[in-house]
Structures are given as C-alpha cells and as structure tokens.
Amino acid sequence: MKGNTMNIDNLTIKECREIAKMFGHAAPSTPYDNGMIGKYVIVRCRDAGVHAGVLESHNGRECVLSQSRRLWYWKPADNKSFLSGVAVAGLHKDSKIGVCLEMIHLTETCEIIACTNEAESSIQIAPEHVQ
C-alpha cells in the first residue's frame, strides 16, 4: 500500500495480508509441506479414527490421503507400544483393517506419523476385515 489511498480493486495478496494483520486477523492458511508429502503415513483424527496412506496434502488440521485404509483395531507387531509402534514395526495379525480407498479427506487430524517401509508393507497387505 502506497500512501494513504488505495484502489481496493487492485490490492495484491501481500497488501491484503498486511491489512488483515492491522486488524489482528491471521491471513488465510495455505497448504504446506511438513516433509511428509508423498510418504506413507498414519493419521490419527479426533472423530474419524486412524487411517494410513500416502499423504497428498496437509493444511492445518486437514489432510488428504491416497491409497488409504482405516485401522479399525490396531495392535503393533513385535511387542511395540502405541500407534507409533505400528508406524515402526507394522501391524500384529490381530489388527482389523478396512478396505483400501483411492482418496480420503480427513479433518481434525491430531497427529501424522511417517511409516517405515516394513510398516507400510504390513498395512498394505493386511487382509480386509469383514464382519
């Protein structure tokens, strides 16, 4: 913004962000690469449970996974502990895993954990749980 006058129809994005800062509002968030885009991950959501797949995008508390499977009941292999144990050692045979989805948009994500190759393979080959 130059001087005290401006033409609102010609504002740049940078100028809009500067105006938003003046009023104490954060600029709209933009997608960012947390270093895991394109990697196989496990995502824990507040309301949607736990999913595993390839992280396509991540923006705040939302993310998109491809080749996604829901981990209905998960138990880490090799006596590891917690969900991070699944991301390292893979799944125990007692785990119950959903069908593979081409794409899923998850909201209210709480954590995103990168998987080892062993864990990725374990999740991908796990049989689909049928009730």
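Me: Two strands pair if DSSP finds at least two bridges between them. With that in mind, what is the bridge partner of Val 64 in strand 4?

Reply: His 105 is the partner of Val 64 there. A quick heads-up: this is a predicted model, where local features need pLDDT of at least 70 and side-chain atom pairs count only at pLDDT 80 or more, while totals for chains, interfaces and linings use all residues. Residues are numbered from 1 along each chain as its sequence is written, and side-chain values use heavy atoms, with hydrogens and water left out.

Me: What makes strand 3 and strand 4 a pair?

Reply: The rule asks for at least two bridges, and these strands have eight, in the antiparallel sense, so they count as paired.

Me: What makes something a strand or a helix anyway?

Reply: Both are DSSP runs, numbered from the N terminus: a helix is H or I over at least four residues, a strand is E over at least two. The protein chain has three helices and five strands, and from the N terminus on they go α-β-β-β-α-β-β-α.

Me: Which strands are called edge strands in the sheet?

Reply: Picture an open sheet of five strands in the order 4-3-2-1-5, with antiparallel pairing. Strand 4 (96-106) and strand 5 are the edges, since each pairs on one side only. On average, neighbouring strands here are turned by 30 degrees against each other, direction ignored. Such angles are taken between N-to-C directions, from 0 to 180 degrees, with axes fitted as lines to C-alpha atoms (for helices, over the stretch in contact).

Me: Why is Ser 68 called buried?

Reply: Buried means under 20% relative accessible area, exposed means over 50%, and partly exposed is in between (1.4 Å probe, protein chains only). Ser 68 comes in at 1%, so buried it is. This residue is in strand 3 (residues 62-73). Skipping neighbours within four places in sequence, Ser 68 has contacts (heavy atoms within 4.5 Å) that include His 51, Val 99 and Ile 104.

Me: And how do you know whether Thr 109 is buried or exposed?

Reply: Same test: its relative accessibility is 6%, so Thr 109 counts as buried. Thr 109 belongs to strand 5 (residues 109-114), and among the residues it touches, beyond four places away in sequence, are Val 43, Gly 60 and Cys 63.

Me: What about Gly 38, buried or exposed?

Reply: Its relative accessible area is 52%, and the exposed label needs over 50%, so Gly 38 is exposed. You'll find Gly 38 in the loop between helix 1 (13-22) and strand 1. Its C-alpha is 5.8 Å from that of Glu 56, 18 residues apart along the chain.

Me: What covers the buried residues of helix 2?

Reply: The buried ones are Leu 83, Gly 85, Val 86, Ala 87 and Ala 89, and their cover includes strand 1, strand 2, strand 3, strand 5 and helix 3 (117-125). Helix 2 (residues 82-89) runs at about 30 degrees to strand 5.
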